[in-house]
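Thank you for making time for this one. Let me put the sequence and the model on the screen, and then I will talk through them, one region after another.

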Amino acid sequence: LKQSNGAATKTGGDTQLAGPLTEELLIRYSSEMRTFGADKVFDKMMDSQLAGGQAMSEDSAKAAIGQLELVLRLLEATSKKDGAEPAADAPQAAAKGKGKGPKGPPLPTGKGKTKDTPPTLAAE
């Protein structure tokens, strides 16, 4: 990768990948993009460097998100082509069920009420 005028450029064959992110930042933010989504990463890129961001302008942050989306699509296509499993931190398909976790013990039915039983459990 070459860096000129704040743009990382990689050339090879007929392809060119250009944008405001260096290879190091692409690696860092691709993981964050998978985990938190484009909106959060966009906001983070515009944060000051003291807050862990990149202090980018809105236009640069949009270009960086586009660059990240392209890289993630390329990685996904390459892993499918090679028959490899998706990355461990890649979002998984939604599990069956309502996603509320294991079922807890049944609630009291109102039998055996005591004066210490909270009103919400004592009411039928």
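I start at D47, which is found in the loop between helix 2 (38–46) and helix 3 (58–82), where helices (H or I, at least four residues) and strands (E, at least two) are DSSP runs, numbered from the N terminus. This is a predicted model, in which local features need pLDDT of at least 70 and side-chain atom pairs count only at pLDDT 80 or more, while totals for chains, interfaces and linings use all residues. Residues are numbered from 1 along each chain as its sequence is written, and side-chain values use heavy atoms, with hydrogens and water left out.

Is D47 buried or exposed, or partly exposed? It counts as partly exposed because its relative accessibility is 32%, given that buried means under 20% relative accessible area, exposed over 50%, and partly exposed in between, with a 1.4 Å probe and protein chains only. If we leave aside the neighbours within four places in sequence, D47 is in contact with G53, Q54 and A55, contact meaning heavy atoms within 4.5 Å. Of these, A55 is found in the loop between helix 2 and helix 3, and A55 has a positive phi of about 55° although it is not a glycine.

S57 is found in the loop between helix 2 and helix 3 as well, and with a relative accessible area of 39% S57 is partly exposed. Its C-alpha atom is separated by 9.5 Å from that of D47, 10 residues apart along the chain, and S57 and M45, which are 12 residues apart in sequence, are 8.5 Å apart in space, C-alpha to C-alpha.

Now to the helix pairs. Two packed helices are described by the angle between their axes and the distance between the axes. Here the axes are lines fitted to C-alpha atoms, for helices over the stretch in contact, and the angles run from 0 to 180 degrees between N-to-C directions.

Helix 1 (residues 23–36) packs with helix 2 at an angle of about 135°, and their axes are 7 Å apart. That makes helix 1 oblique to helix 2, since angles under 35 degrees count as roughly parallel, over 145 as roughly antiparallel, 65 to 115 as roughly perpendicular and the rest as oblique. On the helix 1 side Y29, E32, M33 and F36 meet A38, K40, V41, K44 and M45 in helix 2. By class, this contact of helix 1 with helix 2 has 6 nonpolar, no polar and 3 charged residues, where Ala, Val, Leu, Ile, Met, Phe, Trp, Tyr, Cys and Pro count as nonpolar, Asp, Glu, Lys and Arg as charged, and the others, Gly among them, as polar.

How do helix 1 and helix 3 pack, and at what angle? The angle is about 80°, with the axes 10 Å apart, and helix 1 and helix 3 are therefore roughly perpendicular to each other. L26, Y29, S30, M33 and R34 in helix 1 meet I65, Q67, L68, E69, V71, L72 and L75 in helix 3, and the residues of this contact divide into 8 nonpolar, 2 polar and 2 charged.

At 1.5 Å a residue, the 14 residues of helix 1 should span 20 Å, which agrees with end C-alpha atoms 20 Å apart; the expected span is 1.5 Å times one less than the number of residues. Helix 1 is followed by G37, whose phi is positive, near 95°, and just after helix 3, G83 takes a positive phi of about 75°.

Finally, the chain as a whole. The protein chain has 4 helices and 3 strands, in the pattern β-β-β-α-α-α-α along the sequence. It averages a pLDDT of 74, and 55% of the residues score at least 70, pLDDT being the predictor's confidence in each residue, from 0 to 100. Confidence is lowest in strand 1 (residues 2–4), at a mean of 41, and highest in helix 2, at 95. Over residues 1–16 the pLDDT is below 50, and beyond near neighbours in sequence this stretch has 24 contacts in the model.
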